[in-house]
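Subject: The structure I promised you

Hi,

Here is the structure we talked about, for you to open alongside this email. Have a look at it first, and then read on for what turned up.

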Amino acid sequence: MPFAHKVQVRYVDVASGNVYLLPAVYTESGVIASHLRYLAWFSYKSESWKERSVFSLRLLISYINSLSGEIRAIDLLKSFTRSLVTGTIDYESCNDPMGLFWPPRSTFDVNNVLFHITHYTDYLARQPEYETTRINPFLKATGYEERLNWCAYYNRNANVFLNHLKKRADAYLEVGRTRAVAGYRDPKIDNDKVVKFPDDMVDVP
């Protein structure tokens, strides 16, 4: 049965000889090695940052595992984002066909998850093995590393996740590669007190 657990591992960087104690994502296929190397590369980040990165990746892998039919990678990323926002529970039937039972998340939390996945997939896209691990199409990919590299591919080329646009001018220049799913914003509600105009000052015909 597919799973995505968090474990602590002792990671040795062969190039430098440095040893790191890092959180890792452990699946039925083993540890996600590329994410472990990613955390070692950003070893100077805080422990809470690393923990949040692991948590975000576990969410994505759990979502991938919950899908029963075939789906394109870009559609998966879009539906993953929607599921973070709305949750996966049908409150009328008190059931969740996906088996995730995710409640709706706050805007801050959704954008934080998307940030960590984007940061990781951007790292994947810069690695030498990035091209070779996408030999198989996403639908036929057999391992997590292949599928995550396809997610990195669409994140890089279709810009599926976005928290903030740099500048309006850049947005127009890069319109061909604008991210398909933008970061979410809380609705702005004006709670200022409404001042009623005095009745005796209203000219009624």
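Predicted model: local features only at pLDDT ≥ 70, side-chain atom pairs only at ≥ 80, totals over all residues.

Now the answer. The axes of α1 and α4 are 10 Å apart, and the two helices pack at an angle of about 100°. Angles from 65 to 115 degrees count as roughly perpendicular, so α1 and α4 are roughly perpendicular to each other. On the α1 side, the contact is made by Ser34, His35, Arg37, Tyr38 and Trp41. On the α4 side, His116, His119, Tyr120, Tyr123 and Leu124 take part.

α4 has another packing partner in α5. Here too the angle is about 100°, with the axes 8 Å apart, and α4 and α5 are therefore roughly perpendicular to each other. From α4, the residues involved are Thr118, Tyr120, Thr121, Asp122, Leu124 and Ala125. They meet Glu145, Leu148, Asn149, Cys151, Ala152, Asn155 and Arg156 of α5.

Stepping back to the overall layout: the chain has six helices and five strands. Along the sequence they follow the pattern β-β-β-α-α-α-α-α-β-α-β. There are 205 residues in the chain, and 39% of them count as buried. If you take the contacts between residues at least 6 apart in sequence, 52% join residues at least 24 apart.

Next, the sheet. Three strands make up an open sheet, in the order β1-β2-β3, with antiparallel pairing. β1 and β3 (30-31) are the edge strands, each pairing on one side only. β1 and β2 (residues 19-27) run antiparallel and are joined by nine bridges. To find one of these on screen, go to alanine 4, whose bridge partner in β2 is threonine 27.

Helix α1 (residues 33-41) lies across β1, β2 and β3, and runs at about 150° to β2. Helix α2 lies across β1 and β2, running at about 20° to β2.

What about the nonpolar core? The largest one has 38 residues, and Ile32, Leu60, Phe80 and Leu84 are those with the most contacts inside it. At least two residues of this core come from each of β1, β2, α1, α2, α3 (73-86), α4 (107-125) and α5 (144-157). The largest share is that of α2, with eight residues.

On to the charged pairs. How many salt bridges does a search of the whole structure find? The search finds four, and these are worth a look:

- Glutamate 51 and lysine 6: their side chains meet in a salt bridge, at 3.0 Å from N to O. Glutamate 51 is in helix α2 (residues 47-66) and lysine 6 is in strand β1 (residues 4-12), so this pair ties together parts that are 45 residues apart in sequence. Both partners are partly exposed: glutamate 51 has a relative accessible area of 28%, and lysine 6 has a relative accessibility of 40%.
- Lysine 50 and glutamate 47: the closest N and O atoms of this salt bridge are 3.3 Å apart. The two residues are three apart in helix α2, so about one helical turn separates them. Lysine 50 counts as buried, at 4% relative accessibility, whereas glutamate 47 counts as partly exposed, at 46%.
- Arginine 105 and aspartate 109: the side chains meet in a salt bridge at 2.9 Å, N to O. Aspartate 109 has 15% relative accessibility; the limit for buried is under 20%, so aspartate 109 counts as buried. Salt bridges that share partners join Arg52, Arg105 and Asp109 into one network.

Cheers

Terms used:
Residues numbered from 1 in each chain as written. Heavy atoms only, no water. Helix = DSSP H or I, 4+ residues; strand = E, 2+ residues; numbered from the N terminus. Buried < 20%, exposed > 50% of the residue type's maximum accessible area, 1.4 Å probe, protein only. Pairing = 2+ DSSP bridges. Contact = heavy atoms within 4.5 Å. Axes fitted to C-alpha atoms, helices over the stretch in contact; angles between N-to-C directions. Core = buried A, V, L, I, M, F, W, Y, C linked by side-chain atoms within 4.5 Å. Parallel < 35°, antiparallel > 145°, perpendicular 65-115°, else oblique.
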